[in-house]
Amino acid sequence: MDPIRVTKATTRKPKPKDTDLAFGTVFTDHMFVMDFEEEKGWYDPRVEPYGPFSLDPATAVLHYAQMLFEGLKAFRGPDGRIRLFRPQKHAARLNVTARRLCIPPIEPEMVLRSWTTLVGVDREWVPSTVGTSLYIRPTIIASEPFLGVRPAKRYIYFVILSPVGAYYPEGINPVKIKVIDKFSRAAPGGMGEAKTGGNYAASLLAAEEAKHEGFTQVLWLDGAQRKYIEEVGTMNLMLKIGDEVITPPLAGTILAGVTRDSALTLLREWGVRVSERAISIDEVLAAAHAGSLREVWGTGTAAVISPVGELAYKRERIVVNDGKIGELTQRLYDAIVGIQYGPTPDPRGWTVPIE
Ligand SMILES: Cc1ncc(COP(=O)(O)O)c(C=O)c1O
């Protein structure tokens, strides 16, 4: 594997206070970059000062959206140590998306080193207040200037870092979700399970309409029948009906969330009955009417666990657990956050420390 060249920035940007941090607005002093050409493969991995790219207007990604991205976080624990949460799982998913988009894969070990090296160089940017973190955004773009519709022959892999604020500075607030049956996000055989920009562009109109009506995010139904629940804007969804936790299966149309996998692992270890199966919105409504819909929550890197207080579908509004966070939802949140920041033991090897 090629060694990573490091060129340090000669000037440093001012760092925001932990209390001023938002999401994705401030970027650190450095970025990681690596290039791909057909004859050379991936080459010249390097850390360099953060800055803009110069791209030919014909660059393929600007026209046909051949790109992918990932999103994970580094946390600074009370012991001062910095840890990445499940980076191997994110590296594996990066390559799953790469295959779907005809982008050449990157050796997982190289992906991991790109993250640990860059976070190591910009370690002073990892905030320390509980709830804050350093968001890592790896991206690959098709960089060949060419207007034909075919996989590009040149790519740029880059990683940028952004210190982000506490998702719940005033305590956990259950969200209101609108179940969408007017638009769909993904279809069988489509790109739903890929982390690629087009999926997010496709989601904007529905999300904007829902926001104007006072909802936080939308819950997508399956594209073929608009009957089965799939996922929320940037979260996977779990429902506790009676004593069982149900979540839609990984059937190609939803993202295989790393937080989803972490929550399912913990629930199974705790002896909770878990089903990964198709569940229709009608079944959710019937459970709500019968009084057996106990808790609903979303899982995702941004909020970790996000309780759902209200679900709206057509003319119905379901209030879940009186709009308050449920017991299991809280337990999951505490368990995962405990592992991410360090006080809780990590017997599964989910965290990778930055040395
Ligand atoms: C569409 C979508 N689903 C689910 C998730 C949750 O995935 P993860 O837990 O890996 O962050 C995300 C966020 O990354 C997402 O964008």
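## Pockets, cavity and ligand

The second largest pocket of this predicted model has a volume of about 340 Å³. Its lining is made up of Tyr200, Ser203, Leu204, Ala207, Glu208, Lys211, Thr216, Gln217, Val218, Gly233 and Thr234, and by class these residues divide into four nonpolar, five polar and two charged. Two elements, α4 (197-212) and β10 (217-221), each supply at least two residues of this lining, with α4 giving the most, six residues.

The largest pocket holds about 730 Å³ of space, and 39 residues line it, those nearest its centre being Phe23, Thr234, Thr301, Ala302 and Ala303. Two or more residues of that lining come from each of α2 (87-100), β7 (133-142), β11 (229-232), β12, α5 and β15. Its residues divide into 17 nonpolar, 15 polar and seven charged. Thr234 belongs to the lining of the second largest pocket and is also listed among the residues nearest the centre of the largest pocket.

Around the ligand stand 16 residues, of which Tyr200, Glu231, Val258, Thr259 and Thr301 are the closest; the shell comprises four nonpolar, eight polar and four charged residues. At least two residues of this shell are supplied by each of β12 (235-241), α5 (258-269) and β15 (293-300). Tyr200, one of the closest residues to the ligand, is also part of the lining of the second largest pocket.

| Residue | Distance from polar side-chain atom to ligand oxygen |
|---|---|
| Lysine 195 | 2.9 Å |
| Threonine 259 | 2.6 Å |
| Threonine 301 | 2.6 Å |

The ligand, taken alone, exposes 390 Å², of which the protein buries 96%.

The structure also holds one cavity of 30 Å³ or more, and the largest cavity contains about 70 Å³ of space. Leu72, Lys73, Phe75, Phe85, His90, Val258, Thr259, Thr301 and Gln340 line this cavity, with β5 (72-76) and α5 as the elements that give two or more residues to the lining. The largest share, three residues, comes from β5, and the classes represented are four nonpolar, four polar and one charged.

Note on methods:
Residues numbered from 1 in each chain as written. Predicted model: local features only at pLDDT ≥ 70, side-chain atom pairs only at ≥ 80, totals over all residues. Heavy atoms only, no water. Near = heavy atom within 4 Å. Polar contact = N/O pair within 3.5 Å; in protein donor to acceptor, adjacent residues only side chain to side chain. Areas by Shrake-Rupley, 256 points an atom, 1.4 Å probe, with all protein chains shown as cover. Helix = DSSP H or I, 4+ residues; strand = E, 2+ residues; numbered from the N terminus. Nonpolar A, V, L, I, M, F, W, Y, C, P; charged D, E, K, R; others polar. 1 Å grid on protein atoms, 1.4 Å probe; cavity = no way out; pocket = protein on both sides within 12 Å on 5 of 7 lines; lining within 4 Å. Points joined across faces, edges and corners; volume = space filled by probe spheres on them.
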